[in-house]
Amino acid sequence: MLNFPSFTFHFLFVLDLTILFLAPSRHFVSVLTYLTMQNERGDNVDLYVPRKCSYTSRLIEAKDHGSIQINVAQVDPATGIYSGESTAFALAGYIRNKSEGDMALTVLVQENDTSMAAAAADTAM
């Protein structure tokens with residue numbers, strides 16, 4: 001029996017230089033699957049993926065409880081109706097602590113609007 005912090009695995013054995021064990025889901029899994037933080041399909045299953053501030057490009061730490069993420073809706077410029085899509089903006093607690101969160105969000109939305117308008121103009125031509 002092999003004890004990891006949150007799992008107990010039975011039937012540990014070596015097969016062709018690959019260590020296999022019986023996982024809690026009752027099928028054999030390679031130890032390398034758990035060491036690389038990927039599931040059987042190869043998808044990334046990290047517990048924490050850090051974000052970056054959209055305004056300053058600073059890394060938002062895990063303990064930054066002042067940080068926010070706002071989804072801004074994309075609106076059709078001709079009709080003014082919500083298109084069903086949104087753009088996510090992350091603001092670090094550092095910006096909000098300096099009372100610049102409102103200005104930062106305004107700048108980000110204006111930049112996004114100009115890039116979306118330029119993209120729409122390119123596809124219309």
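Reply: Buried residues make up 19% of the 125 residues in the protein chain. Buried means under 20% relative accessible area, exposed means over 50%, and partly exposed lies in between (1.4 Å probe, protein chains only). This is a predicted model, where local features need pLDDT of at least 70, side-chain atom pairs count only at pLDDT 80 or more, and totals for chains, interfaces and linings use all residues. Residues are numbered from 1 along each chain as its sequence is written, and side-chain values use heavy atoms, with hydrogens and water left out.

Me: OK. How many helices and strands does the protein chain have?
Reply: The chain has three helices and eight strands. Both are DSSP runs numbered from the N terminus: helices are H or I with at least four residues, strands are E with at least two. Along the sequence the pattern reads β-β-β-β-α-β-β-β-β-α-α.

Me: Which residues are in the largest nonpolar core?
Reply: That core has nine residues: Cys 53, Ile 60, Phe 89, Ala 90, Leu 91, Ala 92, Ile 95, Ala 104 and Leu 108. A nonpolar core is a set of buried Ala, Val, Leu, Ile, Met, Phe, Trp, Tyr and Cys residues joined through side-chain atoms within 4.5 Å. Strand 8 (82-91) and helix 3 (101-124) are the elements that give two or more residues to this core. Strand 8 supplies the largest share, three residues.

Me: What does Cys 53 touch?
Reply: Leaving out residues up to four places away in sequence, Cys 53 touches Arg 58, Ile 60, Ala 90, Leu 91, Ala 92 and Ile 95. Contact means heavy atoms within 4.5 Å.

Me: Where is Arg 58, then?
Reply: Arg 58 is in the loop between strand 5 (51-52) and strand 6 (59-60). It counts as partly exposed because its relative accessibility is 40%. Apart from residues up to four places away in sequence, Arg 58 touches Arg 51, Lys 52, Cys 53 and Tyr 94. Arg 58 and Tyr 94 are 36 residues apart along the chain, and their C-alpha atoms are separated by 9.4 Å.

Me: Switching to helix 3. Which of its residues are buried?
Reply: Gly 101, Ala 104, Leu 108 and Asn 112 are buried in helix 3. Their cover includes strand 8 and helix 2 (93-97).

Me: And what about Leu 105, what is it in contact with?
Reply: Leu 105 is also in helix 3. Setting aside neighbours within four places in sequence, Leu 105 is in contact with Ile 70, Phe 89 and Leu 91. From Leu 105 to Leu 91 the C-alpha distance is 8.1 Å, and the two are 14 residues apart in sequence.

Me: Where is Ile 70?
Reply: Ile 70 is in strand 7 (residues 68-75). With a relative accessible area of 29%, Ile 70 is partly exposed. Its C-alpha atom is separated by 5.3 Å from that of Phe 89, 19 residues apart along the chain.

Me: Last one: is Leu 47 buried or exposed?
Reply: Leu 47 is exposed, because its relative accessible area is 82%. Leu 47 is found in the loop between helix 1 (31-35) and strand 5.
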